[in-house]
Amino acid sequence: MSKSIIRAAKGDIPADLVLKNGKVLNVFTEEIYAADVAITGNTIVGVGNYKGEQEIDCTGKYIVPGFIDAHVHIESSMVTPLEFSKHIVRTGTTGIIADPHEIVNVNGKKGLDFILDASEDVPVNTYVMIPSSVPATEIDTNGAGKFLAEDMLPYKANPRVLGLGEMMRFVDVLNEQRETLDKLDAFSDMIIDGHAPGITGKDVQAYRAAGVMDDHECATAEEGLEKLRAGFCILVREGSGARNLESLLKGFLEAGVSLEQCMFCTDDKHLEDIEKEGHINACIRKAIAIGVPAVKAYKMASFNAARAYQINNAGAIGPGRLADIVVVGDLSKAEPSFVIKGGKIVDEEWLESFHYELKDESLLKTVKVGNLNQKDLALAQKEVNHVIELVPNQLLTLHKEERIPGKNGEFVPNSEYAKLVVAERHGKNGKVGVCPIKGYGIKNGAVATTVSHDSHNIIAVGDNDNDILRAINELKEIQGGYVIASGNHIVDELPLTIGGLMSLDKAANVQKKTSRMVQAARNMGVQEGVDPFITLSFMALTVIPELRLTEAGIFDVSNMKFLQ
């Protein structure tokens with residue numbers, strides 16, 4: 001403890017920096033009142049009447065805690081942890097709880113080591129949860145194989161590791177599967193994140209009794225209320241592919257329940273959407289608009305997450321807390337006038353002082369797929385076929401059995417029924433799965449990507465085989481990323497060479513190219529309510545109902561079995 005901190009708190013010496021004449025949002029008492037905020041080094045030393053070596057007049061503005069994203073996959077930003085941090089800190093996010101199960105599924109320990117190393121010195125406090133479900137199910141084929149409890153234990157000593165990442169294998173928890181219980185036991189003294197869409201009744205009770213502490217997969221207020229009542233923290237998600245905030249918070253407000261166990265997360269959000277909407281500040285703005293009191297919305301964005309994850313030096317404007325501060329002119333808009341991170345004013349000069357160089361180049365060579373042809377993409381047209389139907393703005397899908405278009409006994413996609421393809425890309429078995437998908441809407445082309453949760457095999461969708469194959473072959477050439485093909489030509493591409501998931505480029509360049517590619521996909525008919533890339537990337541995730549596609553075929557998540 002520095003003597004200067006105590007002296008500055010007492011007012012015996014000037015603080016390094018004082019925010020003068022603002023209105024402080026106090027998360028402890030849920031009050032807003034006029035006060036100065038004094039900062040020395042990276043620490044808030046006092047709230048009251050202070051003088052500083054540097055003073056900033058905040059008259060007419062509100063001083064609020066820096067925002068915390070309670071659950072995010074950095075990989076979904078498609079940039080390095082440094083570039084992601086630079087992008088979100090401008091919006092007021094000063095802390096994140098990252099679950100790197102995407103890169104760990106591809107590269108195992110090397111992927112986890114990369115995330116820990118690359119997030120060590122960045123402009124945002126980055127805490128890490130150790131991936132619990134690698135692979136996501138026994139039927140998934142990933143690059144890393146199994147990541148077991150004994151592989152995880154050494155990482156518990158890292159001070160930025162807070163616990164066990166989202167326990168997606170909730171069926172294994174309920175069925176008392178030994179490998180899964182070993183992971184829960186190994187982290188019983190730390191935080192354990194959950195992931196259990198749609199469970200009800202005694203399954204909710206059992207999942208909580210097993211030690212799982214939170215859930216971010218609630219799609220309805222009824223589901224959220226049942227889990228709240230069982231003692232779960234609810235991570236209210238507002239990402240690119242899943243937007244659950246409005247339905248959850250409206251339901252919670254109508255039920256009159258406490259929001260103390262609620263916090264915000266994005267889970268997976270594109271840089272393009274962050275650029276247009278904001279990050280956690282977008283959650284605050286939306287929550288206030290539907291009736292959540294402003295103080296409670298800001299508390300959900302900061303203190304509730306800090307408390308749940310036992311980050312005891314963050315999430316509040318108070319003495320001894322990290323000087324992670326957002327100054328806003330209008331609470332309802334949540335737009336930062338400026339941001340202070342660790343006592344430093346966030347500006348371009350400060351952000352450009354951070355640097356990172358990739359140390360393990362083996363992460364750049366992960367796409368190992370054979371040469372595919374039209375026979376690999378063939379699907380028999382039956383009397384009725386199993387069809388995946390998309391649900392706008394949700395990750396859930398519907399299981400349909402419908403008559404699909406065809407010719408000579410083979411499925412021929414059209415604008416209503418596109419062809420979905422998953423090709424194993426880790427050099428394990430070379431299998432290819434195919435099925436019809438309804439609600440994507442693409443015309444005269446195909447979209448393909450190596451971002452395919454959580455095993456990250458190649459996933460593609462299109463209305464003709466030539467463009468699907470063209471897009472897949474291009475992914476092999478560029479070693480992963482996003483590709484759009486039309487007329488047997490490449491319309492656009494975004495190389496993601498780190499594990500086939502992340503770019504080495506600047507965030508601004510990735511955001512610009514992603515925006516262009518999203519618009520190109522829209523021009524080809526991909527419907528609103530469906531993110532052309534993020535929605536597609538979840539169609540292989542075998543832990544979200546009802547149907548998913550893997551390289552081995554269509555998988556019924558509700559009944560945990562493959563369909564013929």
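# Notebook: one predicted chain

**Entry 1. Valine 204.** I began with V204, which I found in helix α8, residues 202-209. I note at the outset that I am working with a predicted model. Is V204 buried or exposed? I recorded a relative accessible area of 0% for V204, so it is buried. I then listed the contacts of V204, leaving out residues up to four places away in sequence. V204 touches I199, E226, K227, A230 and F232. I looked at one of these partners, A230, in more detail. V204 and A230 stand 26 residues apart in sequence, and their C-alpha atoms are 7.2 Å apart in space.

**Entry 2. The whole chain.** I next turned to the overall fold. I counted 18 helices and 29 strands in the chain. The radius of gyration is 24 Å, close to the 24 Å that the globule rule gives for 564 residues, so the chain is as compact as a globular protein of that length. I also noted the span of the C-alpha trace along its principal axes, which is about 85 × 50 × 45 Å. Of the 564 residues in the chain, 62% are buried. I then considered the contacts in the chain with a separation of 6 or more, and found that 68% of them join residues 24 or more positions apart.

**Entry 3. Helix α2 and histidine 87.** Where is H87 placed? I located H87 in helix α2, which covers residues 81-89. How many of the residues of α2 are buried? I found that nine of its nine residues are buried, and α2 is accordingly recorded as mostly covered. Among them are P81, F84, K86 and V89. For H87 itself I recorded a relative accessible area of 10%; the limit for a buried residue is under 20%, so H87 is buried. Leaving out residues up to four places away in sequence, H87 touches L271, I274, E275 and A507.

**Entry 4. The largest pocket.** I looked for open spaces and noted that the largest pocket holds about 290 Å³ of space. Its lining consists of 18 residues, and those closest to the centre of the pocket are D273, K276, V518, R522 and D531. Which elements give two or more residues to this lining? They are α11 (271-277) and α17 (507-523).

Entry 5. Rolling a probe the size of a water molecule over the atoms shows where empty space is left. I found six cavities of 30 Å³ or more in the structure. The largest cavity has a volume of about 90 Å³. Of the 14 residues that line the largest cavity, I68, T94, A314, G315 and D324 are the closest to its centre. I noted that β6 (67-72), β7 (93-98) and β8 (125-130) each supply at least two residues of this lining. By class, the lining of the largest cavity has eight nonpolar, five polar and one charged residues.

**Entry 6. Cysteines.** C283 has a relative accessibility of 1% and counts as buried. I also looked up C58, which is buried with a relative accessible area of 0%.

**Entry 7. Cis peptide bonds.** I noted a cis peptide bond that joins V134 and P135, with omega about 0°. P135 lies in the loop between β8 and α5 (149-152). A further cis peptide bond joins H453 and D454, with omega about -10°. I placed D454 in the loop between β23 (446-449) and β24 (458-462).

**Entry 8. Positive phi angles.** N408 is not a glycine, although its phi is positive at about 55°. I found N408 in the loop between β19 (406-407) and β20 (410-411). Is N408 buried or exposed? Its relative accessibility is 76%, and N408 therefore counts as exposed. M560, also a residue other than glycine, has a positive phi near 50°. I placed M560 in the loop between β28 (553-556) and β29 (561-562). At 34% relative accessibility, M560 counts as partly exposed.

Terms used:
Residues numbered from 1 in each chain as written. Predicted model: local features only at pLDDT ≥ 70, side-chain atom pairs only at ≥ 80, totals over all residues. Heavy atoms only, no water. Helix = DSSP H or I, 4+ residues; strand = E, 2+ residues; numbered from the N terminus. Buried < 20%, exposed > 50% of the residue type's maximum accessible area, 1.4 Å probe, protein only. Contact = heavy atoms within 4.5 Å. 1 Å grid on protein atoms, 1.4 Å probe; cavity = no way out; pocket = protein on both sides within 12 Å on 5 of 7 lines; lining within 4 Å. Points joined across faces, edges and corners; volume = space filled by probe spheres on them. Nonpolar A, V, L, I, M, F, W, Y, C, P; charged D, E, K, R; others polar. Rg over C-alpha atoms; globule rule 2.2 N^0.38 Å.
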